[in-house]
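Dear colleague,

I am handing over the structure we spoke about, and my notes on it follow below. Please read them beside the coordinates.

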Amino acid sequence: MIRKLLRRAINVLRRAPSPPGSAPAAIARAQHGIRRETISTGARRTCETLQQGGFKAYVVGGAVRDLIAGIVPKDFDIATDATPDQVRSLFRRSRIIGRRFQIVHVMQGGETLEVSTFRAAHDADTQKDEHGRVLRDNVWGSMAEDAARRDFTINALYYDPVAETVLDYHHGVADLKHKTLRMIGEPRLRYREDPVRMLRAVRLSAKLGLSIDPAARTPIREMAVLMENVPAARVFDEMLKLLFSGHAVDAVHRLRDEGLHHGLLPLLDVILEQPMGEKFVMLALSGTDERIRQGKTTSPGFLFATLLWHEVLADWEARKTRGELPIPALFEAMDGVLSQQTDTLAITRRISGDIKDIWALQPRFDKRTGKSTLRLLEQARFRAGYDFLLLRAQSGEVPMELADWWARFQEADIDQRMAMLLPEKSGTKKRRRGGRGRSAKSGESGSNSTEPAA
Ligand code: ATP
Ligand code: MG
């Protein structure tokens, strides 16, 4: 019993943030394993110039963590004790950005490096909202304070590319080796300061294959509701990172396990609860993961088109049941779903244009007769539209035979394509020829009058 209590007390002490000013562990190359050559030339040069100018300068945050974990970093951020003006004076090609908290963009060759001055954690005077969310944090501080304000121990690592050491204030290297995601400081407090940290916990644990330390994991379920107070644009940015992490399937499963998926992406929860919707969304996410891992391009428009499709489908079906014409009904459903999302999701105008293009192409794939079928191939968004159709087929929404036909049709030469076109449906012909009144009207709406998919 006593031993248990002691162990618990030791654990609590271990998790407490090091007091500002305490010395970090200096970890040598043999232990951290980062090879200097894996740091971009621009980042290395920037650190060297700052150090030659008499300042401290380190590669920091995600890049150090990823390199130790054997992942190629997306970008290299630099932290320094030089003020933005001092940084600016050392680099001809640099500019100060940001009003609230200034950072410097340093251009080196084709690279842009983000150089931040060490920042302090919040104190009693820090402005917070009524839930404890920090509204402003723009105080410069010491390096130890800069480490303490970061979210997880594995994110508070500072790599010096000149000395080739990693400075580690919170046992981050050990946590990374033990595959543990541990919060710096008291998790409940840190989530209240910034609820997005819950989302980051899930995203980073999926990306790096870590388990979230119970102290940081347990409070998520009860605190998830705090996400509601976070500005939509910030949630959206973090969700984009999650969805394009290359580990989206795992991350979405983890979000669900932690009870965090509700209200994050509005309707994601609803979609995941519909069997066919879930299959479709998961197929889309695993396709995106695969493309990212292969280094292929991905587009937010395509992914959001998939995430929201089953909402569109449900509304489209309802409208058709009420007797609306299929194509106008589809456009109404599209606009309805998108406007609901853009309110809360900060989907930009350009992304929503892409999403609509992809959706609007879908009924056109049903028509496999006549010249408009050939013209569809020339549409700018044809490839994305086809990839989307394939997902619909794989999830069981439309027959696979339809997607197969379009796969063959794309590959075929012009003669083969002409031969592949289906004869005008006898029903359609009959209606056109023999039908009066109503059928003539349905003919008028041209290619848009094709039967939409069920
Ligand atoms: P990624 O590899 O996806 O970019 P990252 O950890 O680098 O992950 P960034 O958003 O680029 O994420 O943040 C850079 C660093 O800033 C983090 O490593 C962390 O130290 C710190 N940081 C970011 N967001 C927060 C936050 N909400 N609270 C505290 N520290 C944060
Ligand atoms: Mg980063």
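In this predicted model, the axes of helix α12 (residues 248–257) and helix α14 (residues 275–293) come within 8 Å and cross at roughly 135 degrees; axes are lines fitted to C-alpha atoms, for helices over the stretch in contact, with angles from 0 to 180 degrees between N-to-C directions, and helices are DSSP runs of H or I, at least four residues, numbered from the N terminus. α12 and α14 are therefore oblique to each other, since angles under 35 degrees count as roughly parallel, over 145 as roughly antiparallel, 65 to 115 as roughly perpendicular and the rest as oblique. From α12, the residues A248, V249, V252, H253 and R256 meet E278, M282, L285, S286 and D289 of α14, contact meaning heavy atoms within 4.5 Å.

Ligand 1 is surrounded by 16 residues, the closest being R65, D194, R197, R203 and K241, where a residue is counted if one of its heavy atoms lies within 4 Å. A polar side-chain atom of R197 lies 2.8 Å from a nitrogen atom of the ligand, while a side-chain N or O atom of R200 is 3.1 Å from an oxygen atom of ligand 1.

As for confidence, the mean pLDDT (the predictor's confidence in each residue, from 0 to 100) of the protein chain is 85, and 83% of its residues reach 70 or more. Over residues 10–16 the pLDDT is below 50.

Residues are numbered from 1 along each chain as its sequence is written, and chains are lettered from A and ligands numbered from 1 in the order written. Local features need pLDDT of at least 70 and side-chain atom pairs 80 or more, whereas totals for chains, interfaces and linings use all residues, and side-chain values use heavy atoms, leaving out hydrogens and water.

Best regards

Notes
Helices (H or I, at least four residues) and strands (E, at least two) are DSSP runs, numbered from the N terminus. A polar contact is a pair of N or O atoms within 3.5 Å; within protein, one must be able to donate a hydrogen and the other to accept it, and residues adjacent in sequence count only if both atoms are side-chain atoms.
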